[in-house]
Amino acid sequence: MSQPSALSTNGLSRRKFMAGTVSAAATAPLLASTARAEAPIATQPKLRQPVVTSLRINKQAYELSLDTRTSLLDALRDHIGLTGTKKGCDHGQCGACTVLVDGKRVLSCLSFAVMNDGKEVTTIEGLASADGRLHPMQQAFIDHDAFQCGYCTPGQIMSAIGCVNEGHAESENDIREYMSGNICRCAAYPNIVAAVLQARGETRGA
Amino acid sequence: MDVAAPRPKENQGEPLPRVDARLKVTGQAHYPADLPTANLAHGALATSSIARGKVAKLRLDDARAVPGLLDIVTYGDMDKVDKPKFGNSSATSIGPLHDRTIFHDGQIIALAVAETFEAAEEAARLIRAEYEEDKPTASFDSPGTKTVAAAGKSPMFKEDVKAGDFDAAFAAAAVKIDQRYSTPTQHHNPIELFSTTAYWQGDQLVVHEPSQNVTGWKVELARQLKMDPANVRIVSPFIGGAFGSKGPMTPRTAIVAVAAKRLGRPVRCVTSRMQAFGTQTYRAETRHRIRIGARKDGRITAFAHEGWEVTSRPDLYVVGGTSATGRMYGYGSVLTHVSLVQADRNTPGYMRSPPETPYVYALENAMDEMAVALGMDPVEFRRINEPKTEPIGKKPFSSRSLIQCYDQAAAAFGWAKRDPKVGAMRDGDWLVGMGCATAIYPTAVAPCAARVRLTVDGDVRLQCGSHEIGTGIRTVAGQMASERLGVAIDKISVEMGDSSLPPAPVSGGSISTASVCSAVLKACDAIRTKLYAAATAEGGPLAGSHNEEFDLADGKIVAKSGASAKVEDVLKAMQVGAIEEYAEFAPKGATPEALKKLYAGTPEFHGGDQDEDSVKYAFGAEFVEVRINRYTREIRVPRIVGAFAAGRIMNTRTARSQLMGGMIWGIGQALHEATEVDRRYARYVNRDLQDYLVPVNADIKDLQVILVPEVDHAVNPAGVKGLGELGNVGTAAAVASAVYHATGKRIRDLPIRVEQLLV
C-alpha cells in the first residue's frame, strides 16, 4: 500500500499540522474532539466567539463571522454554499476536500477557515471560464471517464492541477504517486492518470 | 480510439460520455448533503462505547450547556415511532433509541441538534453514558457465539444446494483436497459520508439521503413513522458511491426525521467516517471448508462447500454463496452447507457481490490448489470441467461464455509465456507470479416502471426512480431512449433518484441496467406504436402504409419501403404537443403481485438460479501478475487482465469503467481491505481511511478490460446482464494463485499481507 503524498496545509506538512493541533489541544482545546479534557469548552465561552474572517474565493471577496473551529471545508459548504468541495473523511485521509490556496493544493478539512484570512482560495466552481468553457483538466476527466460516482472528482481535479503545477506530473509513475492522496473508491485510477497526462500541458500554461 | 471508450463489438453500444459528466466535473452535481436547505439545524450522533449491555444513565447536562444546542433526541423520544423491520429496505431490526439494550459497539445512543455543526459535534461528545456492561462476543471462536443453520432459519436463504452422493464420490476420488479459507470483515467506505437531511412541509416529510432504494425507503420510513407512504419523499439525485452500503436504510433516518419534527425546522446529520463503521452495514467475516475430489484426468467428481458467516444477535443476515459455487463447474456431486454465527455485532449487509466475493474466492483458490495437485494448467483444469448444464437442477445456462473469456484474457495476458514451475520466474529482486480465476455473477432482473415523454420539439424527458450510484444508469437509460426514439442523447433529460418518480427496484444485485432499460424500452415502444398508428392513419403523412417494419431515426419515422415522415408532423396531425407513456415492466415468470410489490418497495427478483427454463449468469476470467520482493516480501500487482461476457453492453465506456473498478476492488480484497475487530471489546479498530486500507492510485498500473461479445435474449427484453459486481469476483483468488506461483506459499486467509509471506 502506498502512502498518500504529503500535501501541504498552508505551509505546514500534514504530519506537522496534526502533531501541532494535538499538542496545542493540551493547553487550549480548539478541536471539538478534545472536549473530553477536564474543563469542557462550555465553560470557556471566549473560544466560541465568532471571528470575522475575510476570504477570497474564486476571485470573489467574502466576509464571514465564523466559529474559530469551522474548517475551510465547512465554511465553503455551509456558510458560502459552494458545495462542490466534498467531505469524505474530515480527517485529511481521502483528498475529497482538496482546494487550491494561493495556487497550492490544500486539504480544506484540515485547515481552519480563520487561517485562510486574506488568502486566495480556488474551488472546483472557480475553474471553468465565465463563458462555460471547461478547464482542460475538467475536460480531460470527461474524455477519459475519470470518475464514476463523481464524489471524489472535485478533489481529484483540484489535486491534479496542483500536482501538475508542482512539477509532479512528469511521468505516469509520478502521477500515480502524487495523486495517491486522493482516494477514488470507484477506482477510476487508470483513467485519472490518462486524464492528467492529457491535460498537463495546457494546465501548465493555464 | 481512447482506451476509456472501447470500440463497440457485436451487441455493444456506443461509448457515449456520461450525460451527467459536466455536472460532476464542475461541482454542480448535488449529492444529498449538498442540496441547499434554508434554516438548517445540524445533528451529530453520540454512540455507545460498549458492545453489550444496557445504558443505565445518560448525563446530558454538559451537552445541554453548549451554546447553540437546540435539542437532544434519545431514549423515550422515539416511543411513538415503530422500530425498524429488518429486510431489504432496513439494515437492522434494532431500534437503537427504542430501548436501552446495547447490541453492538457504536450503537446510536442520542442525536444532538444545534445551530451549527461545531456546536452539535461538541454537544454529542459531551453526552456521557453510564452502562451496565456485559462481556461481549466479538466473532468466530469468541466465547458466547451461537451457530445456526442458514437454511430454514433465515428467510433470505433458500436452501443448501446439493446433487448426487458427495460422500461416496469423494471417498472414491483419485485426487482430492480438503482445505479451509477465510475472508475478513470489510466496510464499503464510499467516499461520500452517510447523511440524512429531513424537513417537514405540513404532514409531508422530505428526506435527502444517499439511497440505492428510494421506493423501499419511502415505504419503510412511512411504516416506522406510521404515515401514508404518499406523504414521504426520499430525494437522492446523485449518490457518492454505494457498493451496497446505501441499499438498506439505517435507524438514523427516522431519528433525524423525528428531530426535524420536534424542532419544526430542517435537520441534517452527517455521520462521521468513524461512526459509519458501527451505524451502517458491512461485509461480515466468513470461513469456508472446501473439499474437491477428481479423477486423474482432471474431471471433478465431488465438490463440497461449507460456509460460516458472522451476523448480529437480532438479525440473521446471510449471503450464502453456495448457490453460485455449487453451479460453477460440472461437478459430479455437490454438497453444501451454510451456517450463521451470531455475535455482539451490528447487522451485516450487502457489499459488492455479497455472496460471490467470499464464496467464489474460496472456490477459486481451491480450484487452483486442485490444479496444482493434479499437475494441470489451471486454465485447462477449468476447461475440462466446463458443464453442459448446471449440476444442481440440470438446467441449461441461458448463455455461458466462460471459455471465450479465458481464451481472450489468456491471449492478451500472455499466459502461454508463463513458466508453470513455482518460483521459476524472476526479475532482479522480484519474484514474479502469474495466476487466474473465474468470475461469476447471477443475472437477475426485477419489475420497474418508467415514464417517457416525447415532445413536438423533439425533446425527451425520461423519469425513473432508479439511482445514479456511479454506474452510468442515467446515461444508458438515455441511450436506450435515444436508440428507440431516434432522438440525439443531448435532447434527452433523465430524472432519477426521487421516490416521487415511477418506482424502480433497489440498485443492487446488478439488476438496474436490465430492469430500467427493459422499462424504458417498453415505454418507448408504446410511443413508437402510437406514432406509427397515427402516421399511417387516414390523412396521416404515411397513410397507405400498413404493418410495415419501421424505425425512428433523426426525428423521422422511416418505413421499410423508404417512405418517411417527420415525428413533428405526426404529432401535429395528432393535434398533440407530446406523447407520454408510463410503462410497467414485469419480467417473464413474474407473479400476479409483482407490480404491486414494486410499488410497495419489495420487488421480486427473477433470473439467476430462480427461473424454470434456465439458469442465468454472467462470467469472466481474470489474470494477474504479482511481484514479490525477495527481501521485504512487498507485494505488488503491476498487471491485471479481465475478460467478461455480459450479454448486451449498453455503453462500452461505462461498462469498462465498472469492470475496471471491480477488478481494483478485487485487488483491494486480495491485498488491502480488512476491518480489524478488537476481540476483547467486539469493537472495530481501524475506523478511518488511514488505517482501513483501500487501493490508491499508485497501487494500480497496467489494467486491461476485454468486453467479450455475447447475445442472450432469454435474460430480459433488453438482453442485458449486469456487470457492476462481476469484476471483483474471483480477483482475490487470482492473486492468491499468482502468489503461490511466485513463492510456493498457499495463502488461504485474506488479505494477503507481507507478514504471511515472511515465514
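How many bridges join strand E24 (residues 556-559) of chain B to E25(B), and in which direction do the two strands run? In this predicted model, three bridges connect E24(B) with E25(B), and the two strands run antiparallel. One position can be followed residue by residue, for B:Val558 has B:Ser564 of E25(B) as its bridge partner.

This pairing belongs to an open sheet of three strands in chain B, which are arranged in the order E23-E24-E25 and pair in antiparallel fashion. Strand E23 (550-553) and strand E25 (564-566) of chain B are the edge strands, each of them pairing on one side only. On average, and with direction ignored, neighbouring strands of this sheet are turned by 20° against each other. Helix H14 of chain B, formed by residues 567-574, packs on the sheet and touches E23, E24 and E25 of chain B, while its direction makes about 70° with that of E25(B).

Two packed helices are described by the angle between their axes and the distance between the axes. For helix H13 (residues 512-536) of chain B and H14(B), the axes come within 9 Å and cross at roughly 75°. Because angles of 65 to 115 degrees count as roughly perpendicular, H13(B) is roughly perpendicular to H14(B). On the H13(B) side the contact is made by B:Leu531, B:Ala534 and B:Ala535, and on the H14(B) side by B:Val567, B:Val570, B:Ala573 and B:Met574. By class, the residues of this contact comprise seven nonpolar, no polar and no charged.

Chain B also meets chain A, with 59 residues of chain B in contact with 62 residues of chain A. On the chain B side, the elements that contribute two or more residues are helix H1 (21-26), helix H3 (117-126) and helix H16 (652-671). This side of chain B is made up of 31 nonpolar, 14 polar and 14 charged residues.

Within chain A, the domain assignment gives domain 1 (8-39 + 50-126) and domain 2 (136-205). Between them, 15 residues of domain 1 are in contact with 13 residues of domain 2. Strand E5 (98-101) and strand E6 (104-107) of chain A are the elements that give two or more residues to the domain 1 side of this contact, and E5(A) gives the most, with three residues. The residues on that side of domain 1 divide into six nonpolar, six polar and three charged.

Terms used: Residues numbered from 1 in each chain as written. Chains lettered and ligands numbered in written order. Predicted model: local features only at pLDDT ≥ 70, side-chain atom pairs only at ≥ 80, totals over all residues. Pairing = 2+ DSSP bridges. Helix = DSSP H or I, 4+ residues; strand = E, 2+ residues; numbered from the N terminus. Axes fitted to C-alpha atoms, helices over the stretch in contact; angles between N-to-C directions. Contact = placed C-beta atoms within 7 Å. Parallel < 35°, antiparallel > 145°, perpendicular 65-115°, else oblique. Nonpolar A, V, L, I, M, F, W, Y, C, P; charged D, E, K, R; others polar. Domains from an automatic or database assignment.
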